[in-house]
Amino acid sequence: MRKTLLLLEQIDSFEQFFAKSVSLPQVEVSTPYKKVHSQMAHKIRAISKRLPFASLHQFWIAEWQKRIDDFDTIVVFDNAASQKLLEFIKSRITKRTKLKIWLWNVPNERIEYLKENFDVYCFDQNYSKEYGLTFLEQFYILDSVNLDEKTDVLRDFYFVGAYKGRIQQLDQLARMIEESELTYLFDVFSDDKQSNRSGINYLDSKITYPEIIEKIQESKVIVEINKDGQVGLTLRALESLFFQKKLITNNVHIKNYDFYHPNNIMIWEHGNLKELEKLTNFLGEPYHQLPTTVTDRYSFRAWIKRING
């Protein structure tokens with residue numbers, strides 16, 4: 001049986017959720033370095049990783065290093081892809097083991113080094129084309145979520161994320177929802193309250209990913225507002241697909257995907273006042289059920305099969 005090792009930092013709540021959800025027997029998920037449980041140990045580990053002593057760096061590498069020959073493929077996610085770690089792995093593996101990099105976030109400040117030395121995969125088509133990377137579609141994992149449990153719907157629209165230049169779009173969409181006499185909750189990570197709308201909830205700290213899942217299940221529509229130039233599928237788009245929730249997005253490229261259906265996905269044009277009527281009609285349309293063959297293409301199982309190909 002071919003074995004794959006995925007190495008990623010598990011700081012973010014979604015990363016932790018993902019690591020715990022992987023249940024394929026041929027796939028192992030690990031942090032690159034040993035976990036520490038005190039601030040002092042964390043500082044010592046951080047300093048040790050920066051010092052020019054190979055033995056000190058190796059001391060902190062997690063248990064997987066002792067079984068490195070067991071893996072046919074090692075995939076290092078971008079948040080763990082330091083030069084020291086990659087060079088360590090490269091020096092230890094045989095020709096039988098393939099070392100690959102997965103870019104979950106773009107742009108990447110080390111892209112020139114990564115593409116010149118490793119096999120790099122990326123979810124963003126434009127970024128992949130620009131730097132000559134292997135394009136591989138984004139994925140989602142649902143193994144630890146019970147979709148059979150019924151959740152009461154409490155609102156029409158839900159957004160979660162940082163402002164990041166989305167202030168005007170969020171405020172305008174909130175106004176449209178209010179004028180349509182619909183309900184919404186926008187969880188915004190910001191300590192700068194730039195809108196007084198009642199449905200915008202300012203958070204001074206991030207909520208956990210299981211909490212986000214719960215709020216998604218309580219909502220009819222997921223709201224996605226992408227950064228300018230972003231083409232690849234986001235987590236919000238995949239959540240709408242796997243949780244069978246409607247999506248409102250400013251990503252015009254989503255029309256090119258096989259899961260697009262106008263009943264399920266509304267492409268919102270910021271600043272267009274005609275969108276108000278569209279919003280109400282969109283909510284009233286029945287959800288178009290997609291075949292499992294479409295959903296399966298964006299599953300973690302499909303992704304791991306392709307990256308091992």
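1. The largest pocket has a volume of about 1300 Å³. Please keep in mind throughout that this is a predicted model.

2. Which residues sit closest to the centre of that pocket? They are Asn 105, Lys 164, Arg 166, Leu 235 and Arg 236, out of 40 residues in the lining.

3. Several elements give two or more residues to the lining: the helices α1 (13–21), α6 (125–131), α8 and α9, together with the strand β7 (155–162). The largest share is that of β7, with 4 residues.

4. By class, the lining of the largest pocket holds 19 nonpolar residues, 10 polar ones and 11 charged ones.

5. Two of the lining elements, α8 and α9, also deserve a look as a pair. The axes of α8 (residues 209–217) and α9 (residues 235–242) come within 12 Å and cross at roughly 55°. An angle between 35 and 65 degrees counts as oblique, so α8 and α9 are oblique to each other. The crossing in which α8 passes α9 is right-handed.

6. Which residues make this contact? From α8 come Tyr 209, Ile 212 and Ile 216, and from α9 come Leu 235, Arg 236 and Glu 239. In this contact of α8 with α9, 4 residues are nonpolar and 2 are charged, with no polar residue.

Key: Residues are numbered from 1 along each chain as its sequence is written. This is a predicted model: local features need pLDDT of at least 70, side-chain atom pairs count only at pLDDT 80 or more; totals for chains, interfaces and linings use all residues. Side-chain values use heavy atoms; hydrogens and water are left out. Axes are lines fitted to C-alpha atoms, for helices over the stretch in contact, and angles run from 0 to 180 degrees between N-to-C directions. Angles under 35 degrees count as roughly parallel, over 145 as roughly antiparallel, 65 to 115 as roughly perpendicular and the rest as oblique. A crossing is left-handed if the near helix is turned anticlockwise from the far one by less than a right angle, and right-handed if clockwise. Contact means heavy atoms within 4.5 Å. Ala, Val, Leu, Ile, Met, Phe, Trp, Tyr, Cys and Pro count as nonpolar, Asp, Glu, Lys and Arg as charged, and the others, Gly among them, as polar. On a 1 Å grid over the protein atoms alone, a cavity is a set of points where a 1.4 Å probe fits but cannot get out, and a pocket is an open set with protein on both sides within 12 Å along at least five of seven lines; lining residues have an atom within 4 Å of a point. Grid points are joined across faces, edges and corners, and a volume is the space filled by probe spheres set on the points.
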